[in-house]
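Student: Please take a close look at one part of this model, its pockets, and describe what lines them.

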Amino acid sequence: MNVTTIEVIVSVLVLFGVILALISAFGLVRLPDVYTRSHAATKSATLGVLVTLTGAFMFFGLEEGFFSIRLVLGIVFVFLTAPVAGHLVCRAAYRSGVPLDKRTVQDDLEPILGTQEERQAENKERHRRPHS
Amino acid sequence: MKANDVILQTVTKVVSFIILSFAAYLFFAGHHDPGGGFIGGLVTASALVLLFLAFDIRTISNGIPINYRLLVGIGLAVSTVTAVGSIVLGFPFLSHTFEYVDFPLFGEIELATSVLFELGVVLTVVGGTLTIILSISEDV
């Protein structure tokens, strides 16, 4: 494989990853509530990191001839953990009664976990007596 | 409200093995690459803390029955013994040596006595970190 071809592939991958991270940052600023923001932060930032790491892996593997098992582990690790982190943040937000955006049309969890005011009151109660 | 931690617990079961193997890699890489006993011990401790976060303290304490206060003492003892061992063999305190040994499967490997000292560092760091975190988390 020609060296310039490798360089082109690696730079396209890294650039794509950086653009995805930038889009994710725009989503964090522009989106209305915590759930849509978490949607932007989790998916596109994860893919951005994965693509950038793949670019770095291809650079070290093809250009320098060094197979970095740490980068492979990093890719697998970020791919496994970032969505779970987003899931946990969203769940904690919903359970402590963070309001949904005003334009929300349907909330299927509300009949199970209680309305937003009930969840907020329960959260406040939980913080008042932390040793229960 | 009933808690449902299936996702966190399932991912923790997979991820803790990745973290522990990375900790072992860092520990053995420390002689020639970035890594070593301290960072290996901290990464091991972070894997254990992740287990304590995803499951409860009682489950993990039953599964991994280690007294972390004792682990600090064992680690300090291991490091001290490797340091005093050089006096016993007639060299200055904390002298270290290495030798190249041929193994059947791996080929020639450099074996250094400083790895034993670093093993003591790992045990001390894991014990100290988990003693701090577990005693903070106790509800007394």
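Tutor: Helices (H or I, at least four residues) and strands (E, at least two) are DSSP runs, numbered from the N terminus. This is a predicted model, in which local features need pLDDT of at least 70 and side-chain atom pairs count only at pLDDT 80 or more, while totals for chains, interfaces and linings use all residues. Residues are numbered from 1 along each chain as its sequence is written, and chains are lettered from A in the order in which they are written.

A pocket is an open set of points on a 1 Å grid over the protein atoms alone, where a 1.4 Å probe fits, with protein on both sides within 12 Å along at least five of seven lines; lining residues have an atom within 4 Å of a point. The second largest pocket holds about 320 Å³, a volume being the space filled by probe spheres set on the points. Its lining has 11 residues, and R91(A), A92(A), R95(A), R126(A) and A3(B) lie nearest the centre. Two or more lining residues come from each of α3 (69–95) and α5 (116–128) of chain A; α3(A) gives the most, with 4 residues. By class, 5 of the lining residues are nonpolar, 2 polar and 4 charged. Here Ala, Val, Leu, Ile, Met, Phe, Trp, Tyr, Cys and Pro count as nonpolar, Asp, Glu, Lys and Arg as charged, and the others, Gly among them, as polar.

The largest pocket has a volume of about 400 Å³. Among its 14 lining residues, F28(B), H31(B), I109(B), E110(B) and V115(B) lie nearest the centre. β2(B) gives the most to this lining, with 4 residues.

Note on methods
Side-chain values use heavy atoms; hydrogens and water are left out.
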